[in-house]
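Okay, thanks for coming, everyone. I'll keep this short, so let's get the picture up and walk through it together.

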Amino acid sequence: MSAKTRLPVGLEAIQHKGWINAHRFLLLRRLSQAFFLLLFLLGPWFGIWWVVGTLAGSRTFEVLPLTDPLVLAQSIVAGHLPEVTALIGAVIVLAVYAVIGGRVYCSWVCPINPITDAAHWLHERLGLQKGWQPKRMTRFWILGTVLLVSAITGTVAWELINPITMLHRGLIFGMGFVWALVVAIFLFDLVVSRRGWCSHICPVGAFYSLVGTKSVLRVSAVNRVDCDDCMDCYAVCPENHVISPALKGKDGETPLILSPDCTNCGRCIDVCSVDVFAFTHRYDNRAKKTVSTAVDAATEQAA
Amino acid sequence: MSATGKPRSVDRRRFLMDTARMAGGCAVAGTLLAYLARDARALPAEALRPPGALPESDFLSACIRCGLCVRDCPYDTLKLAELGEDGPATGTPYFTARTVPCEMCDDIPCVEACPTGALDPGLKNIDDARMGTAVLVDQENCLNFLGLRCDVCYRVCPVIDEAITLEPSHNTRSGHHAIFSPTVHADHCTGCGVCERSCVLPDAAIKVLPTRLARGSSAEHYLKGWEEKERKGAPVVEGIIDLPDRMPEMPGVGSEVPAFEPAFKLPGGGQ
Ligand code: SF4
Ligand code: SF4
Ligand code: SF4
Ligand code: SF4
Ligand code: SF4
């Protein structure tokens, strides 16, 4: 056991499943992030205007409007009643994330995610301290503050500093000093606060977490009986408090990760050498009862 | 009670402390953000908003900074303000007349593109747009004011003869020429900036300014007698006697003004 915990995170999974399978969702996620960015860049770079605009608001194939619901919410509390196009766009976005998981936005679309992931990777590499870890409620407080400030000042307040739309807009329209903001977030996550931005501060993540409270697509610890306590999933999960209730649940308790903080990134699925986790839907409560024979063989081998 | 009561009250105290701390932190962060928001409300004078833009304070609550208006402008007039640039609130659309003015498209594609109504879809006729007001700011350098016939700003104006006219007057310097002053009529000027863009001087003598800077306003109770008279078709006040204008007159000389004679002569004749 103690010999095992000293193995680097994810090594076991690579040995059992091969590198590709042990990074499947990570690779898919990076592809998805690049894909969504590229969609917006096709126009300015290659003159293919399938998608016009930015993450704040866009138009796809001249018909489909999409609007960032949080930006629009700020606009509304600031006292503007938007035209229907923007409202329709926001409703579509809300509906999609309500089904597939609000924070899917975080792990599959948001352009800041690769940056904070990189900061975390380096943080682990350098073996740095956790640093400042704000309370879990902090981001919801910030979300509330943002809406309040919007209402009081009559502006779309978060857009004055929102690194997500700024970076996205920067890549598409022109950077200005946005790079400085991105560097600041990287350094913040690296030296001030481990996973500080995305898991503790960002009100956009908090907002999407609320959107996905009842989302259908969920990760489940179906094979939790096979878990050998290597703790690798805790090490890779950006919101690892969501794992315990599902993984350590007693018989009869659901193996589903139901916390809306879960970003559906699928890293836990990747990193588990005994395939405890899988994507499923929220009405699938099944949990396997017996230990897999393959796992038995593996542990015997190890012993 | 004492066994369970104590930890509970400690819990409650911690909860209250945490909440207070969080609220305090948010108050500080929120104040900073509000300060930033106030700061961002100052729009520089060279930055003009697209046609149909709501008044600036409403615009800042309405525009989601999506850039669709920018994309649909066929003349690349509009830009999104970049972070750190000395310009309007980051991400909002604007244009600089001297760089690329608004060409006043008939179909107003920028307004059409706006999903939020930050550019008012009620604007159907581009001549009704009011992006700013042109002002001939430098009469000392404007060629027309110097007595030449440049006329460029006048001739390029898309609303020529309504938004801008040439007003002739006597050239007192040369004594026998006319000055054709380019004169903007704010009621018709859209603020498109084509005149400013085209001014032949190294720095434009005519500039489009935000209307708040370009114009004064007249007090509500001021009436212009001649307009009232025209509206009524008769003198506004009945029975006013038009007194003859009194000219300087001297007994014996009639209304002829005598040649100027200094009242005091320097001793020694003077040169
Ligand atoms: S928490 Fe915020 S910055 Fe991080 S991935 Fe989610 S939306 Fe993006
Ligand atoms: S009216 Fe035409 S030229 Fe002017 S800002 Fe709109 S799209 Fe651009
Ligand atoms: S299209 Fe409308 S909401 Fe989008 S940037 Fe232009 S003015 Fe703002
Ligand atoms: S800004 Fe200049 S060109 Fe445009 S309408 Fe006014 S006077 Fe004419
Ligand atoms: S273009 Fe410039 S210099 Fe010529 S008349 Fe107009 S303001 Fe004067």
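Let's begin with B:Asp151, which is buried, at a relative accessible area of 8%. Keep in mind that this is a predicted model. B:Asp151 sits in the loop that runs between strand S4 (133–136) and helix H5 (152–156) of chain B. Its phi is positive, about 65 degrees, even though the residue isn't a glycine.

Now over to chain A. A:Asn264 also has a positive phi, near 50 degrees, and again we're not looking at a glycine. You'll find A:Asn264 in the loop between helix H14 (243–247) and helix H15 (267–271) of chain A. Is A:Asn264 buried or exposed? Buried, with a relative accessible area of 3%.

Okay, cores. The largest nonpolar one has 59 residues, and A:Tyr105 and A:Phe277 make the most contacts inside it. The biggest contribution to this core comes from helix H12 (residues 203–211) of chain A, which puts in five residues. If you skip its neighbours within four places in sequence, A:Phe277 touches, among others, A:Val219, A:Cys233, A:Leu247, A:Ile257 and A:Cys272. There's also a second, separate core of 44 residues, with B:Leu78, B:Phe95, B:Cys102 and B:Tyr154 among its members.

Last stop, the ligands. Ligand 3 has 13 residues around it, and the nearest are B:Cys63, B:Cys66, B:Gly67, B:Cys69 and B:Cys114. That shell splits into ten nonpolar, two polar and one charged. Ligand 5 is surrounded by 13 residues, with B:Cys142, B:Leu143, B:Cys150, B:Cys153 and B:Cys199 the closest. Its shell comes out as eleven nonpolar, one polar and one charged.

Methods:
Residues are numbered from 1 along each chain as its sequence is written. Chains are lettered from A and ligands numbered from 1 in the order in which they are written. This is a predicted model: local features need pLDDT of at least 70, side-chain atom pairs count only at pLDDT 80 or more; totals for chains, interfaces and linings use all residues. Side-chain values use heavy atoms; hydrogens and water are left out. A residue is near a molecule or strand if one of its heavy atoms lies within 4 Å of it. Ala, Val, Leu, Ile, Met, Phe, Trp, Tyr, Cys and Pro count as nonpolar, Asp, Glu, Lys and Arg as charged, and the others, Gly among them, as polar. A nonpolar core is a set of buried Ala, Val, Leu, Ile, Met, Phe, Trp, Tyr and Cys residues joined through side-chain atoms within 4.5 Å. Buried means under 20% relative accessible area, exposed over 50%, partly exposed in between (1.4 Å probe, protein chains only). Helices (H or I, at least four residues) and strands (E, at least two) are DSSP runs, numbered from the N terminus. Contact means heavy atoms within 4.5 Å.
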